[in-house]
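The following dialogue works through selected features of one model.

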Amino acid sequence: MTGVMGSVKKHKEQRKKIYDELFGAAALCAAGLLIIPAILFNPAPIYRLAQFLFFWFLCWLAGKKNNPFITLIIITVIIAFNLIIPYGRVMFSIGVFKITEGALMTGIQRAATLEGLIMLSRLTVRQDFRIPGAFGELIGESLRMFSMLMESKPRITIKNLIKDIDNLLMELSSSQTERPAGAAKIKTGPAGFAVLAAAVIAAWLPWIFLI
């Protein structure tokens with residue numbers, strides 16, 4: 001069992017290394033900005049769900065940290081809250097509680113949108129992202145802190161909620177987010193641009209079925 005876990009971890013680290021060396025931070029950010037409208041303005045819940053699954057797969061492929069159990073819980077909670085206010089065609093009933101098509105589709109759409117954007121941010125926001133100028137530095141620093149937060153292990157518990165949040169924020173604020181002096185800036189090569197272009201096209205692909 002230990003050998004299997006070690007092999008899985010090794011493959012994950014290899015995938016992450018390839019991902020980090022293949023793409024530059026600016027190219028990733030540009031691809032993310034091109035993909036965001038494809039998610040936000042997609043009117044079909046099922047296609048939004050397909051987009052989320054696509055980004056989830058890309059996160060796995062890139063070796064990003066992701067807990068399927070937590071993701072499933074968030075999606076379930078969002079859908080459940082939308083089912084509280086029924087509207088549209090009644091699909092079936094559980095006692096006095098009615099499951100309606102309109103509420104279910106809205107829940108799926110909102111859950112897929114939120115999780116899709118979270119997965120996209122994990123893929124396209126990197127700690128080495130730079131924006132010129134003072135304002136750009138502020139935005140870049142915020143994005144780098146967000147990237148570190150997304151990549152860190154969950155350490156916030158209900159029992160010590162305030163203390164855990166405070167410790168996490170202190171750790172992030174004291175962390176060295178700048179690249180080491182003399183470190184080479186990663187540039188996106190032809191292969192990287194081809195992969196990003198394919199990802200952008202794939203993200204917009206559901207729109208073909210909507211035209």
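Q: Is Phe55 buried or exposed?

A: This is a predicted model, in which local features need pLDDT of at least 70, side-chain atom pairs count only at pLDDT 80 or more, and totals for chains, interfaces and linings use all residues. Residues are numbered from 1 along each chain as its sequence is written, and side-chain values use heavy atoms, with hydrogens and water left out. Buried means under 20% relative accessible area, exposed over 50%, and partly exposed in between (1.4 Å probe, protein chains only). Phe55 has a relative accessible area of 1%, so the residue is buried. Phe54, at 24%, counts as partly exposed.

Q: How many aromatic pairs are there?

A: Rings of Phe, Tyr and Trp (its six-membered ring) pair if their centres lie within 6.5 Å; planes under 30 degrees apart count as stacked, over 60 as edge-to-face and the rest as tilted. The count here comes to three aromatic pairs. One of them joins Phe54 and Phe55, a tilted pair with 5.5 Å from centre to centre and 50 degrees between the planes.

Q: Why is the pair of Phe57 and Trp60 stacked?

A: Their planes are at 25 degrees and their centres 6.0 Å apart, so the pair counts as stacked. An α-helix has 3.6 residues a turn, so residues three or four places apart point the same way. Both Phe57 and Trp60 belong to helix 3 (residues 45-61), where three residues, about one turn of the helix, separate them. Helices (H or I, at least four residues) and strands (E, at least two) are DSSP runs, numbered from the N terminus. Phe57 is partly exposed at 40%, and Trp60 is partly exposed at 44%.

Q: Which charged end sits over the ring of Trp60?

A: A charge sits over a ring if NZ of Lys or CZ of Arg is within 6 Å of the ring centre and within 35 degrees of the ring normal. Here the charged end belongs to Arg15, 4.3 Å from the centre of the Trp60 ring.

Q: In which sense do strand 1 and strand 2 pair?

A: Two strands pair if DSSP finds at least two bridges between them. Strand 1 and strand 2 (residues 97-100) are antiparallel, with four bridges. Phe92 has Ile99 of strand 2 as its bridge partner. Two residues lie between the strands of this hairpin, and Gly95 there takes a positive phi near 70 degrees.
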